[in-house]
Amino acid sequence: MSHIKLLSAVALSALLLLVGCGKKEGEAVGVVGDEILVGEFGSMTGNEATFGISTHQGIELAIEEINAAGGVKGKKIKLISLDDQGKPEEAVTAATKLITQDNVIALLGEVASSRSLAAAPIAQQYKIPMLSPSSTNQKVTEVGDYIFRVCFIDPFQGTVMAKFAHDHLNVKKVAVIYDVKSDYSVGLAKFFKETFTGLGGEIIAEQTYSGNDIDFKAQLTSIKTVKPEAIFIPGYYTEVGLLARQARGLGIEVPLLGGDGWDSSKLYEIGQEAIMGGYFSNHYTTDSDDPRVRQFMEAFKNKYTVFPDGLAAMGYDAAKVLADAIERSESLTPEGIRNALATTKGFAGVTGVITMDENRNPTKSAVVVQVAGTTNKYVTTIQPL
Amino acid sequence: MHTIRRTFGLPLLMLVVFGVLDWFFPKMFDLYIQTLIIYCGINMILAVSLNLVNGFTGQFSIGHAGFMAVGAYISAFLSVSFPNWAGPFINLNFFLNTVIGGLFAAVAGYCVGLPSLRLKGDYLAIVTLGFGEIIRVLLLNVDAVGGARGLYGIPKYSTLFWTLTWVFICCFTIVRLMRSTHGRAFLAVREDEIAAEAVGIPTTRYKVIAFVISAFFAGIAGSIFAHFLSYLNPSIFTFLKSFDVVVMVVLGGMGSISGSCVAAILITLLPEALRPLQEITKIDFRMILYSLTLIVLMLTKPQGLFGSLEISDLWKKYVRRSASN
Amino acid sequence: MSDVLLQTKDVSIRFGGLVCVSKFNLTVTRGELIGLIGPNGAGKTTVFNMLTGVYTPTSGDIRFLGEGTEGIPPCELSKRGISRTFQNIRLFKQLSVLDNIRIAAHQHTSYTLPEAVILSNRMLLQEKHILEKAFELLKIFNLGERAYEVAGCLPYGQQRRLEILRALATDPQLVLLDEPAAGMNHKETQALMETIGFIRAKFGITILLIEHDMKLVMGICERILVLDHGITICEGDPKKVQSDPKVIEAYLGTSQD
Amino acid sequence: MEEFLQHVINGVSLGSIYALIALGYTMVYGILQLINFAHSDVYMVGAFVGFYAARFLNIADSPSYTSFFTILLIAMAGCALLGFSIERFAYRPLRNAPRLNVLITAIGVSLFLEYTGQVVFGATPQLFPNILEDSIIFSFGGARVTKMDATILVTAVGLMIVLRHIIQNTLLGKAMRATSFNRHWASLMGISVDRIISMTFIIGSALAGAGAVLVGMKYPKIEPLMGVMIGLKAFVAAVLGGIGNIPGAVLGGLVIGIAEEFVVGYISSTYRDALAFSILIVILLFRPAGLLGRFSVEKV
């Protein structure tokens, strides 16, 4: 008896879900009254929640500021955020729901290239512009002409650090240790190795770890024996802090290098003295005098009580770039916004001056900064290739 | 003539029905609903096939995601690297690639099934878990399929039609098997291995067969998944994915095919159905509620939703009871 | 066809350092009904386990129909014609009575897995045959009406009978019955004795029987072996065994009926 | 030679941590035949208990043995309480249910703790308080043994000795052994089985708490999912040693810890996560009940 009841309940709720979500016709895409609907999908829970949440906070702050300043085209932006648990398949569901159910006019997301690559075909299929804050894999924007990003691509950043190591630090023998589970880390490592050997340097050791590992001593012990002049660690701050500690604990004193995944106040908090003096490439520097950067840092700190990390800054800029494109767009349609996004030129964001190239990737200069406590010290700027 | 109708009648009928649905659905429902239906379908194949090992044969496998990964990667690799190798028909290519993916998964299933000759219960469980993880780590290190960067640009061949067709093939095969002497042999292994041996059931052989069939369909599910998502990454196939499938099987009732199907649908839709809640509370309670539901269901309905009964049995029971009232 | 069905020669088995059965010699000719008795822990069930391939003897030789059985798995021995019941009933408890019987008929089917899926003619024919045979057997044992009941829910006596029935469903030449009357009352035991006699007559099956119920053993067995601490202390017809001083000593205080 | 020594030191220190967590798995398994998937999350909660306790007591930045032991005891107590409640409310009602149900419940509890952790503690990694200053106490060539390593090892070994004493020599331990041997007979002998099972969870969870503090000190990054991977490896260690067998868990932990260090150090780091499982599978193929486990022949 109870089985039958339960079964009918399941069937009924499935049916309701189906009917309730049926196609809604006759609405302009993405505009409801005086609100413009923008979708965001990201890893708010799951393994990579910390990155998704940071990005979300940056986006939230940007939208708040835009709306406080009167919105765009006289309308307010309404952000609809969906969680994808850090799973590609969920990213597809989330992006599909945002496009087909919530009728958003544009998408912001995803942090990681793996999820962006899964969701981008959907956005392309429905011709909804998708702007990724921090998916660095080249392939993401190659999916189609509706896919954009505001971050560097892997080859550029890998090259930046290889050049920096070669030209500024004058090191010839470098060890690389990267996160084998992260496409971002693997990509950076690959392009660093290529450029660095191309410049005449030598990669004398190559080791890997897995995201969420805590013990790196075995890798570091074997790195130590080949006596590198520097170690390139293209990973996220979540592991780099511990890695640096253990490296110093084993008596490895050479400089540590990394990419924008290092950008977080947590890096120093976890790494402490060990990470001091490490260099990493970034979009901007927190010790900049740029009022935009200062104002962003202040506002973020006021709202969330912590300093923003790199991902938050990227999220913030992505939202701002999108709002700028909506403002400049001739019509309030996905297509208009796409065209406006493609012609983004000289947009002064927190993370640099953004100009979209023909492949929908931003050309912006990278800075190399040095870890100096919770803030970073500017070292040099490296222009795009 | 009779033989043909008996053998192919239902499958042909279902093919027509699926064809109509495939044509009809996109006109009725948008991609979101279709996505959910396809995910439900994939999970149904996974749950029903795992039920063969865990529910019917009484072994304990928690490495289903590994087989799924093998099927997904092999078929996707074929589709990406050898497009249209079997001729100009996309569907034929997709069908063949899916079957090849399934066969490779079946071989993997054979390799995992072999240790089951020696291992029992939790030891077997942990070995299947280990195989799943090893497959994942291997995939991370194979450059031909992209390693951690993933395999992208997989053509989107998976349609509603193919998903439903494979769900049907999977359920149909297993239902028919279970109604034969082979099905009873699986059950005998579950009930009492020693007694099964004593009455002439080659228990080890049937254990391996169960693993192979189950892995084959997991590989099929993987192929549909890959050709729907168009992107693969080893991190999709962690042991948490395997747990999800085990949860579906237990929740639906061990040894109930329809139970597995219903549970697969429930587990797929529950997180989606809970989304509005997240919009209201602004905090992500979805997964907390999901896990709580799981615990409460286990505490209140330890036999799963259906026990070892099928929907048809329940219906008969219901009719009988209302008749007697 | 030789008349010797089963022959064991100096079969011994050790678990760790413990000798469980030592130098067990037995020749079973077709049609015999042999009893295997002895105090608890004498190694009777271990003998059964060796004969059915569950345990491999440490030394010695077992021949069934003239062929050695070493390394042959229990399911294969079952196909060759050795069938058994268990001391603590081992039915497929959650399955129906009918399925318990049909599973035992597995070895008489030859259709493949794909055939099962497409319902080939051969499959349907064999299934039909199995079903008919199963009902026939169930009827003989008066279990016909219970065919669709769950085996684990049957009363104890019927479970015992079902297990014997299941052993018969494999079409055996030799049936090993491990304490078939255990836990039965006098009346049930009486009925069991009749049943055993009946199946022997009807199916022409050779039976080897472990039993504590001396009345049953003495009543139906033609030949009796007595085991004590793994050693065969006596062999012969019921009369000889009953009067053997070694047997009396072994049983002293435990059973004198 | 120097590198070799360093690998040994690293391996033993990592292995002793695996062992400590493996003990919790093995104890629960021994008595309930349950793979307690929630154990790794109890461990995670232990780290956060330590984190908040240190903040609350204002000893986050006063490293000394006093703060170390205070935090250790608080974390152990917190975990014991959590383990007790999990057993009481999630597992006990299922005492007579099929084992797979309890297992699913364990997975449910594990997910519940993880996701609740992400909401309550936040998903961002936190810094575990500095409760014990680190210094090199011993240096052999280039290989170093630090005070932290030594403390971890001594604490872990000490706890294992205490555990062994409890199990071998106390009445409680005898009752536990009896219960794990046969729950039904134990209850006939007048042992309150429910109480013994509770005690098992309390002790096992307390060990996880201790493990969390030790790991937290050495690898001071804590986050709600920190238990997943280390929990899995510890569980593998328990199975490797023969699940249900206490010295086996210790041996298994050490084997996996040292093997990982050596494979990463001398062969390649890319297959590290597969290594534990590969060792496990190979060993199980030769010894189906693990290194020290006893393979029981089913009585027919």
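Student: What makes the meeting of the Arg149(B) and Asp154(A) side chains a salt bridge?

Tutor: First, this is a predicted model, where local features need pLDDT of at least 70, side-chain atom pairs count only at pLDDT 80 or more, and totals for chains, interfaces and linings use all residues. Side-chain values use heavy atoms, without hydrogens and water. A salt bridge needs a side-chain nitrogen of Lys or Arg within 4 Å of a carboxyl oxygen of Asp or Glu. Here the N to O distance is 2.4 Å, so the pair qualifies under that definition.

Student: Why does this pair join two chains?

Tutor: Arg149(B) lies in a loop of chain B, between helix H5 and strand E1, while Asp154(A) sits in helix H6 of chain A, so the bridge links the two chains.

Student: How do you know whether Lys266(A) is buried or exposed?

Tutor: Buried means under 20% relative accessible area, exposed over 50%, and partly exposed in between (1.4 Å probe, protein chains only). Lys266(A) has 12%, so Lys266(A) is buried. Its salt-bridge partner, Glu269(A), has 30% and is therefore partly exposed.

Student: What is the closest N to O distance between Arg80(C) and Glu76(C)?

Tutor: That distance is 3.9 Å, and the two form a salt bridge. They are four residues apart in helix H2 of chain C, so about one helical turn separates them.

Definitions and conventions
Residues numbered from 1 in each chain as written. Chains lettered and ligands numbered in written order.
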